[in-house]
Amino acid sequence: MDEQSATIGEDLLSFDEAIKFLDTSKSTLYRLLSQEEVRGVKVGKQWRFRRADLTAYIERSPVEVSVGGTVLVDLEAEARFFAEEISAERHVPMAVGDVGRTVLVDALASRILQLAVVSNASDAHLEPGEGSLRLRFRIDGVLHDIRRMPISLQDSLVLRLKEMGDMNLVEKRIPQDGRHFFQIGEREYDVRMCVLPTLRGESVVMRVLDRNWASLGLEKLGFDPVHLEFLRSSIHRPSGLVLVTGPSGSGKTSLLYSCLLETDSSGAKLISIEDPVECRLPNVVQMQVNKRAGLTFAAGMRSALRSDPDVILCGELPDRETIEVTLRAALTGQVVFSALHADDCLSAVNRLVDIGIERYLITSSLNTIVATRRARKLCSHCKSVSDSAPLLHRIRPLAENGGYRIPSNAVFFAAEGCDRCRGTGFQGRLNLYEVLPCNPKMLAQLVESDSQDAMLRVAVESGMTTLFADGVRHAAEGETSLEEVLRVTDTGL
């Protein structure tokens, strides 16, 4: 109370005024408060700052990371380790000498992200455990242990990552999301961060996205030429829905973006509704879902339809309302791309029927359904010919029922493992696709079919090849193994 009284008449700045005075961000000012680098005064429930205190901070030398001797040694050792790992992965020398004390934590956080990029990791997981801080990378869809760091680094490293993601630095009780951009050479990367409070402290997951990845195009995604040609023709129809299905991480977003870029022209209005916006696209009006503000997928679709669009991308169909709005948009003159969580094309049709969508909407609005999966590619340096005869005896009928006949001279390979692939036998990933060409008559047959076998027969006769059959095709061409195809398609064999 005395301190508050003493502040009356002094030159006090509000929180926002202090941010402008220091020319910094909200998260940085919170960090300076938590580390007592800047002194604030609570007036009621609001922070206030003396101009003299802020001026004194500006005139000081750069702030050093507040670490003890043991932690400082740990930071130096870890920064050196990651520099050496990056050098090994990139096959080029990198400076691994001592890093200045004031930037040690910054260097460690940056080098973790750099190693994730050069390791082709999609996600980096930082998890506190008993006595250590575990770092894992998801590479080719599988998590790999990379490093167990001293637990003493947890607070400073997580704090730095939260600062990079522009999060509230003093909040440790609730989950937080953030975003960070960085550059390696001429390539730009987007990092989506998620911080979770756990019993052992805060855990961080960072998804690393190449900001140029959406420019791949349909021709580089691995489609069978016949299916690629059909997909292209359905994309360029004047209206209708191209529906993509598959679980999280199966490549739905890259396919949707490639479809959207395929329609890009100076004479078209392109709008997307996403949660979140994965990649910023040229010539596309992109909206991000904000449920708290009332901007849901359904609301976004309705707003997009009032904005004179030619093409709309709706990132997800989470509920019946959004599905109905999207199908009606496809029926009334727009080309629409969207995603639905379903196992395959036939499951997508079943789901639409099960939630009560009117059958005329299903049969009249769908142009194409595409199901997708991602399988690991065999390492070209160590793959070996496998004895596949016992497995082929069981696989052949299922592949043929799915629309693919295995050539009699096909040679299959198995994963071995070497230094190039970290001993896994796999390096990189490829896409498996199931493309269902749609027309009202065929969709009506699917909707009215009384069994899954009958639906499959109708779909294959209409030109569809199942995910499993497409995977067997890639295996017969030496790109992946039959065991990997069985793993990702979950056929039950």
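1. Strand β2 (residues 41-43) is joined to strand β3 by three bridges, and the two run antiparallel. Strands here are DSSP runs of E with at least two residues, helices are runs of H or I with at least four, and both are numbered from the N terminus. Two strands pair if DSSP finds at least two bridges between them.

2. The model is predicted: local features need pLDDT of at least 70 and side-chain atom pairs pLDDT 80 or more, while totals for chains, interfaces and linings use all residues. Residues are numbered from 1 along each chain as its sequence is written, and side-chain values use heavy atoms, without hydrogens and water.

3. V43 has Q46 of β3 as its bridge partner. Two residues lie between the strands of the β2 and β3 hairpin, where G44 adopts a positive phi near 70°.

4. Strand β3 (residues 46-50) is also joined by two bridges to strand β1 (residues 12-13), again in antiparallel fashion. Here L13 stands opposite F49 of β3.

5. Helices α15 (residues 440-448) and α16 (residues 452-461) pack with axes 9 Å apart, at an angle of about 165°. Axes are lines fitted to C-alpha atoms, for helices over the stretch in contact, and angles run from 0 to 180 degrees between N-to-C directions. α15 is therefore roughly antiparallel to α16, a term for angles over 145 degrees.

6. The contact (heavy atoms within 4.5 Å) involves M442, Q445 and L446 of α15 with M455, V458 and A459 of α16.

Key:
Angles under 35 degrees count as roughly parallel, over 145 as roughly antiparallel, 65 to 115 as roughly perpendicular and the rest as oblique.
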